[in-house]
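I opened the model to look up its pockets and what lines them. My entries follow.

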Amino acid sequence: MSTAGINSQSGTGTGQAYVNGPSQNPVALQQLPGVTYGMTHQPTYNPMLAKAPAPPGPGLFPSGAYQSVPPVSSYQPGPPLTSYPAPPGQPLLTRPPMGGPPSSTPPQSASPSPGPRLPFAQATPPPPAASSSSYYPNPQQPQSMAPKWQYNTAPPPMGQATSMSTPPRGPVANHVNPASSLTAPPPPSSAAYSSAPPAHVSHSPTQAPGTGMPPTSLHGYTQPGTAPPPMNPMASRTYQPSRPLYGPPTTGPPLTGPPPAMKPTPPPTGPPVTNATPPPPKADGTVAGNGPQTSNSYNHVDNKMAGLPQLGPPGRHLGHYPSLPPGYQNTSAPHNASSPMHPAMQAATQPYTQAPQPYQQPPGGPGPAQLSPSLAAMSLQSSTPEALIVVNLLQERNLLPPSPIPAPTPCLPQDLQKINCNPEVFRCTLTSIPQTQSLLNKAKMPLGLLLHPFKDLSQLPVVTSSTIVRCRSCRTYINPFVSFLDQRRWKCNLCYRVNDVPEEFMYNPVSRSYGEPHKRPEVQNATIEFIAPSEYMLRPPQPAVYLFVLDVSHNAVETGYLNVFCQSLLDNINALPGDSRTKVGFITFDSTIHFYNLQEGLSQPQMLIVSDIEDIFLPTPDSLLVNLNECKELVQDLLKSLPNLFEKTMETQSALGSALQAAFKLLSPTGGRMSVFQTQLPNLGVGALQSREDPNQRASAKDIQHLSPATDFYKKLALDCSGQQVAVDLFLLSAQYCDLASLGCISRYSAGSVYYYPSYHHQHNPAQVERFQKDLKRYLTRKIGFEAVMRIRCTKGLSIHTFHGNFFVRSTDLLSLPNVNPDAGFAVQMSIEENLDDMQVVSFQAALLYTSSKGERRIRVHTLCLPVVNSLSDIFAGADVQAITGLLACMAVDRSMTASLSDARDAMTNAAIDSLSSYRQSVLTVQQPGLLAPACLRLFPLYILALLKQKAFRTGTSTRLDDRVFAMCQLKYQPLAYTMLMIHPALYRIDDLTDEGALNINERTIPQPRVLQLSVEKLSREGAFLMDAGIVMYLWVGRNCNPNFLTQVLGVPSYAVVPDNLYLLPELDTAESQRTRAFIGWLRDQRPFFPSLHVIRDESQLKASFMQNMIEDRTESALSYYEFLLHLQQQISK
């Protein structure tokens, strides 16, 4: 595999351009309009490309504001469509004809009819859309359309293909339908389906989550000699856009996008768990100093491994098999029964809570590659699955389920589903994969994966073996979804090559039996961790190295953060992950750079000041990073004295750029983690920035400026850091503009994290101080992986083309992660490059190779298996609405930066229009009036509206630029479970909590109030309501709130004396207080960050923030949920 991308990290090479956010696979270059690159290549649907004119509504769309539309948030449930009031002077919408598709829509096409879409009830014609590129290949199609994404395709390959061709696999079992657990009453006239989807598949329990392993080259495989040629592609029945693909330019500056929002499932639950299985003993050599450029490609490790003989010694005795960790005997224990979880988590993990039955695959028996008999048994001739029950969104008032939604269960045979990967770790937007790209285009939904690869897991099988079994062709790790042809041969589930089973693999260390390779732990667990042999090391594993870079300017001292930081580090210094080799160091800065000599033997720390910030150097390179165990007393002395050292400073300037350069020089020899604390805009030396925010434009309905970096200094430095295995985490604590769009690049491209505490002050904002303390404790003590790389592989025929997250793409598909942490999520977009019509299932594998804080090289591998289907109804039945929303959010962040915020907003709206339009035209056989959606997508319009009103994308509401950029960072970097709370907060009434239906956790009773719709009509002046918005919680107290709640929970005699800035609930010895605190504490425990709590009244300043999250209500600048549904219906009915 090519290593051309190596030198480009430092900006000196001729390799791949710097990439992050949406990184297009360099192997696949952009397609020329109208050029076809092969019979099976289908242009992809992408809502980010131009389409219909922008829809109506001030702020929500570019123009055409409503004229005094009365609020309609409190409409009565279930009246006929005509009973809703129309905006004054504007006609009501007409219903589409009953008998078939609207006359303006071609029956064989999922595309809208010619002619621009006019916003409903709009008096003035819309302006031309921002994008002028045509969405349609035919000349008669409209040219002026709203932006669309190019969903599921990479630019077509030039030269070697990036995906693997698929040999025929025998008869195809069609119409495998995942049965979702979403239910909704059918409307009066349920639609018939051209082909009845299959029966509901039982949700069989699945094993506990496990882990994954080292990356290897995805595309550097050799074509299996026995594979028959691929079948001809199915005839496409969809339009074939020929417009140029939307994507990063092949030349020019790289795209930048904030960190990702990732990919696990429903809200996390319980405190983060660490590995229950102690690592087996392993003596690793101590680390040696690293050369100037830590090797930037692990490809030669793969190549070396590919050439290794896989056979072990022929006469190996049982006793010589490497021992496994003690916890191995319980590899798949159920989730901790003693700590029940949030309903969302319970739902998400329900199929995964029982220990899996052993996967008994007899030698020579059928594997997933020969599944037609078992899949055919689930034939389609059965009743409509719950996921496809038709819902009329205009008539169903209460669509929000009382508890959060579980991830849909793929429609797989029970034995496969039991061992499939947990959706908290690995989740796909479509749990049924279309056979062809044209079918995917017709469905008009994005295809992608959301990952949480280093998630804390309560059960993690760990294997120590001198032989890690991998496919000799595509380098896939052996997994539960391979096929054993007999005891000595297995077939890869990604490239279908037949491989030999090594002698050592014949012995099963769990059962201590010989001759049953299919019962090995690697073939029983979809998530597993290997302790890697020396072949997976390019140098001795590095020690844990932590460098803290602290702003000590006058502004920083005023905030008071230094006291909190020093005290928190003192409290947790013995809990820092590491071993006897752990090193720490400190740099402080204002207009000069201060180093601290902590060499053993000194009586006190020695401060060294470098004032030449233009040519930074290390004054005593050997004594600035010291062994923590040997110099702990000096480190503690420094932390106790630092806050006092600068308390009188009047230095107002900030030379952050020079401090980062010094820190990079210090960490380069070893790699490690750099933690940067900054409180103002850097204004001195390299990397100095100017304020770009105009406060008068914060509420502008026009496009938001300055979402991209002002300089490439921080990005280039981040790429240098990545090359030396250094990650940078940024803590921004400020009451003023700091240009997070520029500063955030230092973390985005080095696989770091961004923490943001607006208006931080130790006296004026105690809630932020508490949040900073809790976040810092988690940050300092959580698990960490060093010098990591991750590769995602998929079955041949599928191709990954765009990545979202914090990383640097080192080669076409290898993500460089100098640090990996358990709170980071990633997302990828995929396309179908070759027809999958000979397969019943496809697989995806994420392998993460990292060095643990104890100096072990480990490989964590996650493998996901999904069915292949050939009907649109099956694709819709398997849609995962939350995963789709999370992936669209990542795509919209990138679109905001590369095009404009209004383009991103229009594209999100069109994503909802297109998918529901495709459903109506191609799945429903009996057309009905109204806005119809399958039950599994019934919340899709609500989530899209929530995204449009989210801080990252909203317009017309005053939003600080740093706040907006941070929200974008979170959408791209957070795992999906946490992202969904930011997009659509949860609202509960808590003044009447009872023990009915409560959970019992550790002898505590946790009430379970129902989730309410985000509308003012759900509020009551007689009640108290808790809104959980992810990183913040609001407790709104009604003016006539029950006096019992005020006295028993808030500890105040009346509403009038509720304090303005109350952020802690008093610990009262009452049942009501205990219930309320238990519920809030339980919600907080389910996420790795700490959400601050604000108790607010009608008069509170924060009431506006609380009300802005009422997504279903109309505001001056955005539509209500019902108005939004009317707009979607009007567009779909054209």
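**Pocket notes**

I began with the second largest pocket, which holds about 780 Å³ of space. A pocket here is an open set of points on a 1 Å grid over the protein atoms alone, where a 1.4 Å probe fits, with protein on both sides within 12 Å along at least five of seven lines; lining residues have an atom within 4 Å of a point. Points are joined across faces, edges and corners, and a volume is the space filled by probe spheres set on them.

The model is predicted: local features need pLDDT of at least 70 and side-chain atom pairs 80 or more, while totals for chains, interfaces and linings use all residues. Residues are numbered from 1 along each chain as its sequence is written, and side-chain values use heavy atoms, without hydrogens and water.

I counted 29 lining residues for the second largest pocket, with Lys774, Gly1081, Arg1084, Asp1085 and Phe1090 nearest its centre. H13, strand S32 (1004-1006) and helix H21 (1071-1085) each give two or more residues to this lining. H21 gives the most, 9 residues. Helices (H or I, at least four residues) and strands (E, at least two) are DSSP runs, numbered from the N terminus.

I then turned to the largest pocket, with a volume of about 1400 Å³. Its lining has 45 residues, and Lys951, Tyr1034, His1094, Leu1102 and Ser1105 are the closest to its centre. Helix H13 (766-781) is among the elements that supply at least two residues to this lining. S35 gives the most, with 5 residues.
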